[in-house]
Amino acid sequence: MSPLWLAQITYVPGSHRLTKRRLAWERRTAINAASGLDRLSGRGSFRASPAELKRMGYADPVAFAVPGNTLVVGDTVGFHARGPSLRPAVRIEVWAYDRHNPFLPLAGFDIWSLTGLARWRTRIEWWLLDRLEQLGLRRNVWRPVGPITADARPQVV
């Protein structure tokens, strides 16, 4: 049975890059958010109009159709939104934050927090998991599926 194509996510390509125009927009929006633009912007979830996206120099949003029960991982610093679905759908959000372990026995000591190392933590861990799988010591649960476009179904690995 083929998966149902129920939901879409839209993403503005390149919007994860914080350009001067984007930072200026973020600053203006943050200053104005407390004045009650809308409830979500007031809580830090800023919304950009199509005209604002153009002024920031970004391309048009791209819609990606995904089958039900698909985990979509994305850099949500970029502008993203839920797109239309063929019928009512439920979105479940998994939110992650990469920070040091709060349960270390020595408070404040975390090898990843050393200057210059913390920003590479996730990349190092993924690299290590790939090497362990290549050596046959552990299977990496993350599988690359390649690029997914709105008009092509992803390959199931």
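Helices (DSSP runs of H or I, at least four residues) and strands (DSSP runs of E, at least two) are numbered from the N terminus. In those terms, G68 sits in the loop between β2 (62-67) and β3 (80-82). The model is a predicted one, in which local features need pLDDT of at least 70 and side-chain atom pairs count only at pLDDT 80 or more, while totals for chains, interfaces and linings use all residues. Numbering runs from 1 along each chain as its sequence is written, and side-chain values use heavy atoms, with hydrogens and water left out.

"Buried" here stands for under 20% relative accessible area, "exposed" for over 50%, and "partly exposed" for anything in between (1.4 Å probe, protein chains only). G68 counts as partly exposed because its relative accessibility is 36%. Its C-alpha atom is 10.0 Å from that of Q8, although 60 residues separate G68 and Q8 along the chain.

Rings of Phe, Tyr and Trp (its six-membered ring) pair if their centres lie within 6.5 Å; planes under 30 degrees apart are stacked, over 60 edge-to-face, and the rest tilted. By this rule there are three aromatic pairs. One of them joins W25 and F79, with ring centres 5.3 Å apart and planes at 75°, so it is edge-to-face. Because W25 belongs to helix α1 and F79 to the loop between β2 and β3, this pair ties together parts that are 54 residues apart in sequence. W25 has a relative accessible area of 3% and so is buried; F79, at 10%, is buried too. Ring pairs link W25, F46, Y58 and F79 into a cluster.

The T29 side chain comes to 2.7 Å from the backbone oxygen of W25. With a relative accessible area of 8%, T29 is buried.

Now for helix α4. Its 14 residues (121-134) span 20 Å from first C-alpha to last, close to the 20 Å expected at 1.5 Å a residue; the expected span is 1.5 Å times one less than the number of residues. Just after α4, G136 has a positive phi of about 75°.

W126 is part of helix α4. Together with L71, V73, V141 and W142, W126 makes a nonpolar surface patch of about 630 Å². Such patches take residues with over 30% relative accessible area and no salt bridge, joining nonpolar side chains (Val, Leu, Ile, Met, Phe, Trp, Tyr) within 5 Å and like charges within 9 Å. A salt bridge is a side-chain nitrogen of Lys or Arg within 4 Å of a carboxyl oxygen of Asp or Glu, and areas come from the Shrake-Rupley method with a 1.4 Å probe.

Technical notes: Polar contact = N/O pair within 3.5 Å; in protein donor to acceptor, adjacent residues only side chain to side chain.
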